[in-house]
Amino acid sequence: MANILILGAGRVGSSVAEQLVHERYNVTLVDDNPANLKPLQDKLDLRTVVGHATSPVTLEAAGVRDADLLLAVTPSDELNLVACKIAQQLYNVPTRLARIRNQDLLTHDSLLGEGGFGVDHVITPAQIVTDYLAALVRTPEALQVLDFADGKAQLVVVRVDPGAPMAGKALARLDEVLPDKDRRIVGIYRRNRYIYPDGETVLEVGDEVFALAARQHIRAVIGALHGEEKRARRITIAGGGNVGYRLAAELAGEVQVKLIENNRARATWLAEALPDVLVLAGEATDEALLEAEQIERADLYLALTSDDEDNIMSGLLAKQMGAKKVISIINRSRYVGLLQGSRIDVAISPAQATIGSLLAFVRQGDIVAAHSLRRGTAEALEIVAHGSRTTSRIVGRRVAELHLPAGIYFAAVVRGDEVLILHHDTVIEAEDHVIVFVDNKRRIREVEQMFAVKLGFF
């Protein structure tokens, strides 16, 4: 079992720790504030150490000599960099990840790599959440959009609408609706319960459907399950912090963007930095401001402040006043499940969006990507198959021969530039990128074992 050392018990560190403890990893969490550690120590089976992230004494007390992975996610870039360097040079920790906010640091690879601070992988939560949100803006019908194999394949989560071509129909009829578009339905959630998708499963309005297809087919698949929506042309963003600023900058050339920021000095800076964005100084919960700015004309309202209550209340207010769709960032992950699909159309936990970037390094095997789904209960993985028929349980075998356990689905392989949706007679070849859906994270270890290569291969 992997030993994981996490430095920093903030939102990212504590969320990752909770997820990994549930998956039965040995987790040790370090923070210099005992108040950050106590609630986690009370509810989770993990070790906590009070101390400084760059102190060798603290790190040794936390078991750095036995750590397989170090995750430095304190609020300070400098602390995270130095901690990775200490872990590399003094303790030879095999894998070191650092949270870095300063974009200037990311432009110098030599500064971060083996000859520099010894960082194997950089995590920038604000950019991860921005990319996540941008995908939702560009695919307004989806609740989640995930890329595999550099975007060659996509997994989308959509809710079945009353007017959708497949509403009230059995999945077997999907071939009639999409005769030339190969795809795989890997999961259906109905009233928060998982339903195994087979040909006789009838889709009901409100079902959350997980569908995977080649990128060029994904819009057709969405249209069959949800119906087409107009692209968002007018969006309003509440909150000009790291995420709000990044998202406005990325979308300004594509759509009309309004940005509401309550700090007047920050609003002035944003107006200068974003000449193509209309920046408004004021409170997102100010009904008069929203009315004056014709919120009813907004195709999409995004509540992205650092305050959960403001994001919930302003999202509800914008929806009530006529905004067509509302997305809110909610840091308390327990709230996400309560709010998703209510008047707030999409509720996002930044920590859950970020954790996928970390999971690929925690998992065993040649994992290219790992995406957390259903608020952390399910997962989608992109795994490279290695070996031969004699050294691997996967390679050289038809999917039907694999006898996959319930809850584990091999959805597709990416072979070179080609996306192949898997069927019973498809043979998996060496170096295929296999996209796997797991409906319960407790099954992840089984997936890792299936892809393990016998020692003789080496």
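The model is predicted, so local features require pLDDT of at least 70 and side-chain atom pairs pLDDT 80 or more, while totals for chains, interfaces and linings use all residues. Residues are numbered from 1 along each chain as its sequence is written, and side-chain values use heavy atoms, without hydrogens and water.

Select Arg191 and Asn192 to begin. Arg191 is found in the loop between strand S9 (183-190) and S10, and Asn192 lies in that loop as well. Strands are DSSP runs (E, at least two residues), numbered from the N terminus. Most residues other than glycine have a negative phi. Arg191, however, has a phi near 50 degrees, and Asn192 has one of about 70 degrees. Arg191 is exposed, with a relative accessible area of 67%; exposed means over 50%, buried under 20% and partly exposed in between (1.4 Å probe, protein chains only). Asn192 is exposed at 56%.

Now select Tyr194 and Tyr409. Nine aromatic pairs occur in the structure; Phe, Tyr and Trp rings (for Trp, the six-membered ring) pair if their centres lie within 6.5 Å, with planes under 30 degrees apart stacked, over 60 edge-to-face and the rest tilted. The rings of Tyr194 and Tyr409 have centres 6.4 Å apart and planes at 35 degrees, so the pair is tilted. Tyr194 lies in S10 and Tyr409 in strand S20 (residues 408-415), so the pair ties together parts 215 residues apart in sequence. Tyr194 is partly exposed at 24%, whereas Tyr409 is buried at 15%.

Technical notes:
Helices (H or I, at least four residues) and strands (E, at least two) are DSSP runs, numbered from the N terminus.
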